[in-house]
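Biologist: Could you walk me through this one? I would like to go through it region by region.

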Amino acid sequence: MMELEPRDLYEKLEFDKVLALVEKECLSDLGREVVQKLSPLTDLDKINQLLEEVNEYKLTLAKNDHLPINAYQDIAEDLRMLEVDGFVLPEEGLVRINISLRFVRNIYRFFNQLRQDAYPKLYEIIRPYTFDENLIKAIDKVIDEEGNIRPDASPELMRIRRLIISKQKELDRMFRSLINTYRTKGWLTDNVESFRNGRRVLSVPSEHKRKIRGIIHDESTTGKTAFIEPEGVIDINNDIFDFETEEKREIYRILKELSATLRPYVPQIEIYQSLLIRFDVIQAKAHFANKLNAEKPKLVPKPHLGILRGFHPLLFLKNKQLEKVTVPFDLTLFGANRILVLSGPNAGGKSITMKSVGLLQLMVQSGLLVPVDKESEMGIFHNIFADIGDQQSLEDDLSTYSSRLANARVFLEKADEKTLILIDEFGSGTDPKIGGAIAESILRELNSLKVFSLITTHYSNLKIFAFKTKGIVNGSMNFDSDTLSPTYELQVGRPGSSYAFEIAEKSGLSQKVLKYAKHRTGVNEKAVDQLLVDLQREKQETEEHLKSLTEKQQSLERLIKTYDQLHRDLEYRRKKLKLESKEAALQQTAQSNKDFERLIRELKEQQNLEKAKAAAAQVKEERQQLVSEVTNLQEEIYYQPAPKKEQKGEIKIGDFVRLRTGGATGQVEGIDKKKATLVMGAMRMTVKLRDLQHAGEPLEIQSTRSIQTDTRQSAAEFQNKLDIRGMRMEEAMKIVEDFVDQALVSSVSTLKIVHGKGNGILRKVVRQKLREYNVAMDISHPPAEMGGDGVTLVEIA
């Protein structure tokens with residue numbers, strides 16, 4: 001939990017007024033109670049979650065896709081009584097519970113699949129819980145929409161109510177008959193009938209009351225009218241009374257049964273109530289955010305100030321009502337700067353800007369969207385301290401300046417690098433020279449504690465100290481020197497002038513008074529302010545120039561790195577093209593060996609041995625030269641050491657590797673001196689370590705679960721050339737199978753398999769394996785100069 005100083009910080013920064021405005025947007029007292037207790041958090045993930053929820057609700061409002069939540073009642077007392085074993089909850093309590101349950105059900109129904117995707121953070125609130133429709137059904141079975149017990153709540157209740165209705169009809173017939181009889185005799189008043197003690201009675205003038213047999217229930221205040229239940233309806237009324245008593249007993253039994261049914265679900269209903277409260281608070285925050293044009297800033301997991309187009313929330317709302325323009329401010333502290341010393345004329349907006357920063361920080365860490373540009377970056381502070389306004393105290397025997405010193409002592413004791421400190425009119429309240437010196441010393445200590453701070457002041461020594469000290473930067477509120485009126489625009493990087501003489505002259509002070517004041521002040525005081533402005537401007541220009549040079553240097557380094565990489569790639573491709581050409585030539589010489597052997601046999605038959613030896617030596621020399629060139633190119637291409645940044649260390653047991661010349665990926669099972677044993681699927685092979693290079697783990701095909709892979713990345717890593725020369729038939733079949741499988745997974749359409757000519761066995765193996773795939777393929781051989789029958793080209797459709 002965040003630590004705040006002083007105790008009335010909410011009032012100092014007017015956070016209490018913001019909360020009061022959010023409260024007004026709540027639908028229930030329960031939501032208002034939660035808002036009253038809102039306090040800033042320090043957990044970045046929790047803050048982000050709260051802000052995302054409000055942002056998504058704000059989106060529902062913008063799309064006119066309103067969440068179905070309305071005013072709801074507090075059912076905490078009803079649930080507390082319902083938990084008591086044997087307690088019977090009355091109809092009113094059940095109706096309140098039913099209304100809350102219906103609201104929650106509507107929220108669950110709101111989140112269809114489309115809205116779950118559109119508002120994931122809001123859906124996450126209800127996702128862990130399921131809604132039990134049976135709770136509403138159980139209540140609806142007993143209580144109707146108007147909150148009355150249903151006539152068909154039970155068969156017995158239905159029977160009793162039928163009897164009551166029957167008796168009431170009988171009573172009505174009897175009454176009408178008696179009224180007609182007594183009215184013709186003149187024994188009734190003009191009102192004819194009334195109700196007394198729950199009984200239907202006749203209104204009889206006192207002089208006729210002895211003429212009608214029955215029970216007198218009441219008399220008028222004047223004594224002129226008697227209310228008589230006639231003898232003929234007494235038995236009917238008694239029957240109705242008995243049936244109504246039975247009805248009450250049956251209703252009690254039904255409510256008792258319903259209460260017992262709901263009792264085990266009290267914890268679940270409490271969760272539903274908490275969901276309503278949570279959505280109520282979120283919607284209140286969202287409606288308040290709409291009034292402020294508030295946004296969710298970018299949060300960084302450390303103390304940071306990076307406010308763009310920030311507004312004081314209360315000032316913005318006030319000006320909005322008055323149709324006035326509110327001037328936003330930008331406050332971003334770059335590099336090592338953490339403390340802003342804000343100066344400028346009175347009534348220029350220094351204090352309101354400082355309070356805005358503190359208020360916006362409290363709001364965002366309490367899960368409230370804030371009136372800033374959404375590209376703003378706001379950090380997380382664990383402490384916020386403020387010294388604002390007159391804090392003199394008669395009870396504590398503290399003057400204004402003493403209270404300021406007491407605050408400074410607390411700040412220095414408790415502050416750390418996660419603290420935001422706001423001080424208004426720093427150093428004021430005592431002799432300016434001494435007060436300025438003490439303020440400078442306190443500022444020095446705060447800077448050493450690496451706190452973040454906004455300080456307003458008029459003292460020149462603090463402006464000079466800020467200019468000279470790393471971590472502290474000057475700032476000012478712009479002032480139109482021509483009209484001598486504030487613009488309320490914040491400018492970070494240069495100190496401000498108080499414009500005391502100019503404002504005094506505008507206010508109407510006599511020239512005589514001003515002349516004496518200027519004489520007493522001297523020219524140096526004003527010169528200090530101007531000197532600071534000039535120095536700050538030069539410093540800022542130098543820093544901007546240095547930043548520009550640094551960016552250009554970084555850009556140049558990136559260009560050089562890119563050029564080196566392109567050069568290496570180009571050299572690699574050139575050498576590889578040359579290697580492929582030499583390999584093709586080598587294969588061509590192998591094909592031509594038969595012609596040379598035939599020529600040598602002919603020369604031998606002709607007894608021309610010297611000529612045969614010379615021809616054989618020439619062929620051998622040409623072939624050796626070609627082999628040497630191929631070997632050298634292979635060394636340069638495949639065995640050239642990688643740049644240090646790309647080196648992955650020595651190959652170890654368990655590593656995934658592949659041949660430098662391309663092919664399938666295998667795992668190193670064992671290493672013996674300079675050779676490694678590889679496992680590729682169901683087969684093993686022994687390869688020289690120098691012929692291997694690191695590779696990524698191969699894709700596993702699982703039968704029970706679907707997987708997703710980025711085929712673009714696989715295709716980028718996949719080598720579409722395979723060399724199987726010198727392999728046994730079984731080994732080559734497995735290697736070709738793995739190679740083609742990986743090509744299909746990587747969506748590579750062109751393959752090149754080098755198998756050599758020889759007796760053609762490996763070429764047949766390749767064709768046989770390719771025919772096993774149920775995929776359209778175009779299989780061919782390149783021209784003779786590119787390898788001919790010794791190379792198989794595959795185009796996958």
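**Notes on the model**

Modeller: Pro 6 sits in the loop between β1 (3-5) and α1 (9-13), where helices (H or I, at least four residues) and strands (E, at least two) are DSSP runs numbered from the N terminus. The peptide bond from Glu 5 to Pro 6 is cis, with omega near -5°. This is a predicted model, in which local features need pLDDT of at least 70 and side-chain atom pairs count only at pLDDT 80 or more, while totals for chains, interfaces and linings use all residues. Residues are numbered from 1 along each chain as its sequence is written, and side-chain values use heavy atoms, with hydrogens and water left out.

Biologist: Okay, what does strand β21 pair with, and in which sense?

Modeller: Strand β21 (residues 721-723) pairs with β22 in the parallel sense over three bridges, pairing being called if DSSP finds at least two bridges between two strands. Leu 722 stands opposite Ile 753 in β22. Together β21, helix α23 (residues 729-745) and β22 make a right-handed β-α-β unit; right-handed here says that, with the strands pointing away from the viewer, the path from the first strand over the helix to the second runs clockwise.

Biologist: And which strand do five bridges join to β22?

Modeller: That is strand β24 (residues 791-796), and the two run antiparallel. Val 794 in β24 is the bridge partner of Leu 751.

Biologist: Why is β22 described as largely enclosed?

Modeller: Four of the five residues of β22 (residues 750-754) are buried, so the strand is largely enclosed by the rest of the structure. Buried means under 20% relative accessible area, exposed over 50%, and partly exposed in between, with a 1.4 Å probe and protein chains only.

Biologist: Switching to Asn 474, buried or exposed?

Modeller: Asn 474, which is found in strand β14 (residues 472-480), is buried, with a relative accessible area of 0%. Its side chain reaches the backbone oxygen of Lys 463 at 3.0 Å.

Biologist: How many salt bridges does a search of the whole structure find?

Modeller: The search finds 38, a salt bridge being a side-chain nitrogen of Lys or Arg within 4 Å of a carboxyl oxygen of Asp or Glu. One of them is between Glu 246 and Arg 159, with the closest N and O atoms 3.7 Å apart. Glu 246 lies in helix α11 (residues 231-262) and Arg 159 in helix α10 (residues 155-185), so the pair ties together parts that are 87 residues apart in sequence. Glu 246 counts as partly exposed at 25% relative accessibility, and Arg 159 counts as partly exposed at 36%.

Biologist: What about Glu 193 and Arg 200?

Modeller: Their side chains meet in a salt bridge at 2.6 Å, N to O. Glu 193 is partly exposed, with a relative accessible area of 28%, whereas Arg 200 counts as buried at 14% relative accessibility. Salt bridges that share partners join Asp 172, Arg 176, Glu 193 and Arg 200 into one network.

Biologist: Last topic, backbone angles: what is phi of Glu 425?

Modeller: Phi of Glu 425 is near 50°, a positive value in a residue other than glycine. Glu 425 is in the loop between β12 (419-423) and α16, and counts as partly exposed at 22% relative accessibility. Lys 450 also has a positive phi, near 60°, and lies in the loop between α16 and β13 (452-456).

Notes. Polar contact = N/O pair within 3.5 Å; in protein donor to acceptor, adjacent residues only side chain to side chain.
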